[in-house]
Amino acid sequence: MQRTIILKRLAAVRHWLPADVYLWLKALLLAVLAVQAAWLVWVLATPTGPFGAWRPAAPQAMAPEMQSALLARFDPFFRSGADSADDSGTVTDLDLQLFGVQINRGAGTGSAIIAGPDGEQQSYGVGEEIVPGAKLLAVAFDHVVIDRGSRRESLYLDQSTPAPVAGASDSPAPTPTPVSAGSGKPPIKLTPTAVRDGIAFTPRSEDGRVSGLVLAPRGDGAVFRAAGFQPGDIATAVNGQRITSAAALAALQSQIRPGARLSITVERGAASVPVSLNLASE
């Protein structure tokens, strides 16, 4: 349309312009129109501007080493912080029993329900004295740490008794000492001799390395059940020390003595269960 208008205007002035000037002017205007058309085609066909290429940059993926380091610091159940409070791995020999814990992650404190030698349960907060010379230092998800001046000791929840099965309220809950009323049998006394004679400890080997002790009953299995063990249990740690060699069996045998309190971490299926083994005198 613009070309037509220009040509009409040229025709209007053609009568007073020389023929050669008219032709040169007409050719010049047509050349200008051709240049503008070519520039318009170039702009539409080449989508680049003053900001550079329009194509998006390739996504930058995190290196596998950085991903591993990031996931290694991820602690969804706050267990690393709880375990760091106990640097001794020693189970206390105080006549105490832990019944429950409450952890306040926001304030970094907590409390625990502990029964003393008289069997009376009381709630103690972090920093409070439980018995003379022993204070509650820290609370973890399955144990508490007790400060006894020059050393730190752990007191674990007793999980040797299996939890009752849902829907089986008619049957009584199992107890560590399976003695029925009126049977006339005395309760099982866990002495060092009874434990050595009633429980078999066999090293478990994986890829040529010892990774635990397989626990199995001996005799009628009464001592095995009274200790809180179940068939298929594998001991992976004793008093916080992992079992990684055959020498751990000899170390365990040396700890089985009158009055000893052993905290044995048991691999039971896919779960890890702490079992408290309190030995009586002969």
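Figure 1. Glu206 is partly exposed, with a relative accessible area of 42% (buried means under 20%, exposed over 50%, partly exposed in between; 1.4 Å probe, protein chains only). In this predicted model, local features need pLDDT of at least 70 and side-chain atom pairs count only at pLDDT 80 or more, while totals for chains, interfaces and linings use all residues. Residues are numbered from 1 along each chain as its sequence is written, and side-chain values use heavy atoms, with hydrogens and water left out. Glu206 forms a salt bridge with Arg204, with 3.8 Å between the closest N and O atoms; the term requires a side-chain nitrogen of Lys or Arg within 4 Å of a carboxyl oxygen of Asp or Glu. Arg204 is buried, at 16% relative accessibility.

**Figure 2. Arg204 and Glu267.** A salt bridge also joins the side chains of Arg204 and Glu267, at 3.3 Å from N to O. This pair links distant parts of the chain, 63 residues apart: Arg204 lies in strand 8 (residues 199-206) and Glu267 in strand 12 (residues 261-268). Strands are DSSP runs of E, at least two residues, and helices are runs of H or I, at least four, numbered from the N terminus. Glu267 is partly exposed, with a relative accessible area of 28%.

**Figure 3. The network around Arg148 and Glu153.** Salt bridges link Asp93, Arg148, Arg151 and Glu153 in a network. Within the Arg148–Glu153 salt bridge, the closest N and O atoms are 3.1 Å apart. Arg148 is partly exposed at 22% relative accessible area, whereas Glu153 is buried at 3%. The whole structure contains seven salt bridges.
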